[in-house]
Amino acid sequence: MRAVALVDGEHYAPVVRDALRALPYEWVGAILVGGTEKLRAGFEIGVPLVDGFGDAELVVDLSDEPVLGPAERFRWISRSLASGLPYVGADFRFDPPAFVPFELPSIAVIGTGKRVGKTAVTAHLARLLARDHDVVVVAMGRGGPPEPELVEAPPSVDDLVALSRSGRHAASDHLEVAALTGVTTIGCRRAGGGLAGAVFVSNVEEGARLAAARGPDVVVFDGSGAAIPPIAVDRRVLVVGRGHESDAYLNTYRRLVSDVVLSVGCDAEGAIRADLRLLPLEPLSGRVAVFTAGAADTSHLDADVVHVSASLADRAALARELESLAADTYLVEVKAAAIDVVAEHALQAGKRVVLAANELVGDGVDDALAALAPAEASR
């Protein structure tokens with residue numbers, strides 16, 4: 001197997017040369033990643049020094065601390081994986097995630113973790129593309145259905161509550177996207193997530209086939225947490241959220257395989273900043289209680305807001321809040337316990353429930369996303 005080695009000047013050249021001879025690879029070269037302490041002028045290691053991976057099939061890490069510490073090593077791993085190459089060291093190996101070929105124009109929205117605004121970006125992208133294109137969204141989640149589920153009409157609050165009462169996760173990402181955008185959506189599930197975003201088990205490939213059978217202009221794949229849809233898409237959007245770094249660990253890999261990087265609610269180097277603004281799907285009336293999964297600004301709402309909760313992910317806290325709440329309208333994000341706790345409570349109390357989307361606002365955001373659209377459109 002053709003391989004390129006990463007070497008450093010903390011090792012004596014003869015030690016590196018002998019190690020290269022001992023390893024069972026056909027060396028295309030070695031990349032000097034740093035360090036000069038043990039390098040003499042005119043040193044030789046038996047293979048040419050190169051600047052890149054060339055036609056290697058494998059990257060072999062023969063470096064070590066202090067030249068390649070954890071952060072630097074993860075950056076090299078990211079570059080290797082982004083080039084489609086496995087990366088091996090003395091006691092570890094990273095393989096690039098496998099992506100299934102897909103025949104239609106496609107975009108994936110991926111994130112650096114949970115609650116970074118990824119699904120809001122997916123919904124915004126779907127609405128934007130749907131102005132001129134026939135769009136299908138394939139969303140994978142940890143609460144998705146056992147078989148890919150086609151949702152052709154936006155579910156109402158009553159529909160979502162009925163699903164919840166049947167034992168379903170009624171705030172699953174595909175239901176959220178369908179309810180908030182009106183775009184045809186296919187729900188899938190996944191279990192497990194690797195450091196580079198691979199999933200252990202999913203039915204996304206089957207969901208992709210279901211989407212392709214409909215023949216849309218473009219398919220948008222919605223990732224899950226830091227997991228990447230296992231589909232070979234044409235373009236990717238990376239979403240970085242508060243408390244996340246676009247180059248921490250293997251986030252560098254996610255950045256390298258993405259065409260657009262958005263930082264939601266924060267600033268990140270090389271990213272386009274976007275902010276989320278709650279967008280009620282219906283007019284608000286009476287005393288309004290707002291329920292979200294994270295901090296949200298409500299100052300722009302044309303409503304008498306009497307309560308704001310960011311506890312959708314904390315059922316115990318929600319129960320305490322709802323006990324003493326006096327409100328006429330409950331404005332809820334379709335997240336976590338929004339349906340099975342908040343909507344259930346509101347409807348049993350005879351109160352009105354309004355779903356909230358998250359509008360994406362920021363200079364250059366729409367232009368960057370619109371540029372990802374395929375050239376041809378059916379509308």
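Which residues lie nearest the centre of the largest pocket? They are R115, V116, G117, A293 and K335, and the lining has 39 residues in total. Before going on, a caution: this is a predicted model, where local features need pLDDT of at least 70, side-chain atom pairs count only at pLDDT 80 or more, and totals for chains, interfaces and linings use all residues. Residues are numbered from 1 along each chain as its sequence is written, and side-chain values use heavy atoms, with hydrogens and water left out.

What do I mean by a pocket? On a 1 Å grid over the protein atoms alone, where a 1.4 Å probe fits, a pocket is an open set of points with protein on both sides within 12 Å along at least five of seven lines. Lining residues have an atom within 4 Å of a point.

Back to the largest pocket. Its volume is about 840 Å³, counted as the space filled by probe spheres set on the grid points, which are joined across faces, edges and corners. Two elements give two or more residues to its lining: α3 (118–129) and β16 (272–280). Helices (H or I, at least four residues) and strands (E, at least two) are DSSP runs, numbered from the N terminus. β16 gives the largest share, four residues. By class, the lining has twelve nonpolar, 15 polar and twelve charged residues. Here Ala, Val, Leu, Ile, Met, Phe, Trp, Tyr, Cys and Pro are nonpolar, Asp, Glu, Lys and Arg are charged, and the others, Gly among them, are polar.

Next, the second largest pocket. It holds about 200 Å³ of space. It is lined by 14 residues, with D61, L62, G89, A90 and D91 closest to its centre. Seven of the lining residues are nonpolar, three polar and four charged.

Now the helices. The axes of α3 and α5 (residues 173–181) come within 10 Å and cross at roughly 40 degrees. Axes are lines fitted to C-alpha atoms, for helices over the stretch in contact, and angles run from 0 to 180 degrees between N-to-C directions. In contact (heavy atoms within 4.5 Å) are K118, T119, T122, A123 and R127 of α3 with D173, E176, V177, L180 and T181 of α5. That contact has three nonpolar, three polar and four charged residues.

Last pair: α4 (residues 157–165) and α9 (residues 338–348). Their axes also come within 10 Å, crossing at roughly 120 degrees. On the α4 side, the contact includes V157, L160 and V161; on the α9 side, I339, A343 and L347 are among them. Six residues of this contact are nonpolar, one is polar and four are charged.
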